[in-house]
Amino acid sequence: MAAKTLNLGEFLPYRLSIASNAVSSRIAAEYQSRFGLKIPEWRLMAVLGEGRPLTQRELVAATRMDKVTVNRAAKALADRQLIARQAHEADGRSHHLELTAAGRSLYDAIVPAALASEAKLEAALDGGERAALMAILAKLTSAAEDYGG
């Protein structure tokens with residue numbers, strides 16, 4: 001029996017990575033030029049913009065970014081006074097991060113741009129395709145989390 005060969009054009013992890021990079025690159029250019037934010041910084045702001053203060057560990061889990069990337073993004077946002085750090089009551093080594101008033105204002109300005117970017121991408125899909133894609137992405141995320149390596 002012949003061994004299966006790798007065809008990158010059909011290799012799911014590669015195709016997902018290429019699609020993700022294409023979308024991220026497109027959005028990154030806009031967020032950098034309009035708002036002075038890199039993608040990791042916007043991801044932190046987006047998660048924090050949804051509500052409660054979070055620790056860096058919680059941000060790592062929520063964004064699936066590594067600790068170093070989250071730490072650098074948090075430092076850049078704190079330096080710009082877009083997020084504030086508050087001591088964690090139960091863990092003296094940890095801090096809760098939350099948007100400042102300036103951070104909330106910037107977040108509120110970015111959301112329409114984010115939604116417009118999403119709409120441009122979704123224009124390539126019909127409603128059924130979007131629903132199917134979201135379901136497939138949820139399944140793949142779950143499978144990746146369950147995969148032991």
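1. Tyr-31, Phe-35, Trp-42 and Tyr-107 are linked into a cluster by ring pairs. The model is predicted, with local features requiring pLDDT of at least 70 and side-chain atom pairs pLDDT 80 or more, while totals for chains, interfaces and linings use all residues. Numbering starts from 1 along each chain as its sequence is written, and side-chain values use heavy atoms, leaving out hydrogens and water.

2. Three aromatic pairs are found in a search of the whole structure. The pair Tyr-31 and Phe-35 is edge-to-face, because the ring centres are 6.1 Å apart and the planes stand at 70°. (Rings of Phe, Tyr and Trp, the last by its six-membered ring, pair if their centres lie within 6.5 Å; planes under 30 degrees apart are stacked, over 60 edge-to-face, the rest tilted.)

3. Both residues of this pair, Tyr-31 and Phe-35, belong to helix α1 (residues 12–35), four residues apart, or about one turn of the helix. Helices are DSSP runs of H or I with at least four residues, numbered from the N terminus. Tyr-31 and Phe-35 are both buried, that is, under 20% relative accessible area with a 1.4 Å probe, protein chains only.

4. Trp-42 and Tyr-107 have ring centres 5.9 Å apart and planes at 25°, so this pair is stacked. Because Trp-42 lies in helix α2 (residues 39–49) and Tyr-107 in helix α5 (residues 101–122), the pair ties together parts 65 residues apart in sequence. Trp-42 and Tyr-107 are buried.

5. Asp-126 caps the N-terminal end of α6, with a side-chain oxygen 3.0 Å from the backbone nitrogen of Gly-128.

How values were computed: Helices (H or I, at least four residues) and strands (E, at least two) are DSSP runs, numbered from the N terminus. Buried means under 20% relative accessible area, exposed over 50%, partly exposed in between (1.4 Å probe, protein chains only). A polar contact is a pair of N or O atoms within 3.5 Å; within protein, one must be able to donate a hydrogen and the other to accept it, and residues adjacent in sequence count only if both atoms are side-chain atoms.
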